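Thanks, everyone. I will go through one structure today, starting with the cores, then the charged pairs, then the strands.

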Amino acid sequence: MYWQLHLAYDGADEPLAFFNEFFKLWKANEYSGYTYDERVALIASKVADRDLTEFFTRWGMTLGDSAKAILDDYAPETRAIWYLNDSSRTYRLGSGTAADGAATVSAAVHESQVTLTISHTDSEHILGYEIRRNGAAIGFTTGTTYVDDLGAANNLAYTYSVVPVDKLGNLGAEAQADQVRVAYDKAIDSDLYTLDRSGDTVTITMKGGASVPVTGIKVTGAGLTGSYTVKVKADPEAEEWTTAKTGTLSDDTVVAYFNKPGVDADDTRIWTYDAAVVEITGIPEDATVQLLDYPGDRVDFYEGATVGVLSQEYRYGDGADEVIPAGTLVILGTYRGDPTYNTVEIEAVYNTTGEAAEANGVTTITRPMNGYGLLFAEITWRARRT
């Protein structure tokens, strides 16, 4: 922190002028009635003749309202001096010029990792880029790529942007990437089970006789073909199996979600089984198999989904208000997710005219639709089985 103040304000002719003046005032008990953090910020701002509130706040120092009021009397420091390094000072003392041009950024998602690819039309004069997620600064990079590992985050949307910082510390125009959605099928940790192969049959057995919630399988291989069948049983000692899924392999990757037991082939409801043993037949010897975890808070609509208007009222309970009136917007289809923890919000796009309209006579407004949403699901004794 102190070194960056030196980089920002000391010149070649007086390389320690800032520090000398700072410690002179510190030893003279300047602003003695304030906390340590506030004294540092107040004295440094006085020596620099700049409001350094953001600089010290970014360094984690706590400043009270009284101290901030004093700092507010100084002209703001417009440079991002919290990113300066030794090369920045060398560049400044060598009469380096500010950057010109603009930055661009794109975002790509792989499971819970978002990779940003950054470029600048005047990269020669750029020190680095401040990385922002949903408007908040999360990091800084001097390279042209940045990987944000979101850990356990899933089923969430993020907006990333970058702010270029030139070698003098000047902030450029913010560049924003298209919004990305982090949504992926979480595989069950392979350390929880053993996997055995016999021909085209894969048998997965949970360790310690445990029963683990399993929602589907992911098969990966080159040019997958043929039919497969998945059977499960909750008790490893049981003789009877339950068929969870049958299907056809194709392409290089197949993700298959389990069906409710005993339903017709055209029933696409997704089911979660408590499985101690999973047997999969029809798997090529060179293909890999993963078990998919319970979907958690994710809601995805699948085959058969359609949007329409309810032609007549629909009663779903005995209460006076447990009725959906005719004319209600409805979405029909198969989805997966737990309705206990999820809601579905419909976003509508409206075109308006009149005083609020733009020059072309039409203004487009995007906002959630008025009303409330109902999410219907089949509930069993296990809440996750939906």
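By a nonpolar core I mean a set of buried Ala, Val, Leu, Ile, Met, Phe, Trp, Tyr and Cys residues joined through side-chain atoms within 4.5 Å. Buried means under 20% relative accessible area, exposed over 50%, and partly exposed in between, with a 1.4 Å probe and protein chains only.

This is a predicted model, where local features need pLDDT of at least 70 and side-chain atom pairs count only at pLDDT 80 or more, while totals for chains, interfaces and linings use all residues. Residues are numbered from 1 along each chain as its sequence is written, and side-chain values use heavy atoms, with hydrogens and water left out.

The largest nonpolar core has 29 residues, and Leu5, Phe18, Ala44, Leu52, Phe55, Phe56 and Ile81 have the most contacts inside it. At least two residues of this core come from each of the helices H1 (2-9), H2 (17-27), H3 (36-48), H4 (53-58) and H5 (65-71). Helices (H or I, at least four residues) and strands (E, at least two) are DSSP runs, numbered from the N terminus. The most, 6 residues, is given by H3. Another core lies apart from this one, with 27 residues, including Ile188 and Val254.

Next, charge. A salt bridge here is a side-chain nitrogen of Lys or Arg within 4 Å of a carboxyl oxygen of Asp or Glu. The structure holds 7 of these salt bridges. Arg79 pairs with Glu77, with the closest N and O atoms 3.1 Å apart, and both residues are buried. Arg132 and Glu130 meet at 2.7 Å, N to O; both are buried as well. Those two also belong to a salt-bridge network with Glu54, Arg58 and Glu174.

Which residue does Arg133 meet in a salt bridge? The partner is Asp148, at 2.9 Å, N to O. Arg133 is in strand S3 (residues 126-133) and Asp148 in strand S5 (residues 145-149), so the pair ties together parts 15 residues apart in sequence. Arg133 is partly exposed at 25% relative accessibility, whereas Asp148 is buried at 5%.

Last, the strands. Two strands pair if DSSP finds at least two bridges between them. Strands S10 (residues 193-198) and S11 (residues 201-206) run antiparallel and are joined by 6 bridges; Asp196 has Thr203 as its bridge partner. Their hairpin has 2 residues between the strands, and Gly199 takes a positive phi near 65° there. S11 is also joined to S18 (residues 277-281), antiparallel, by 5 bridges.
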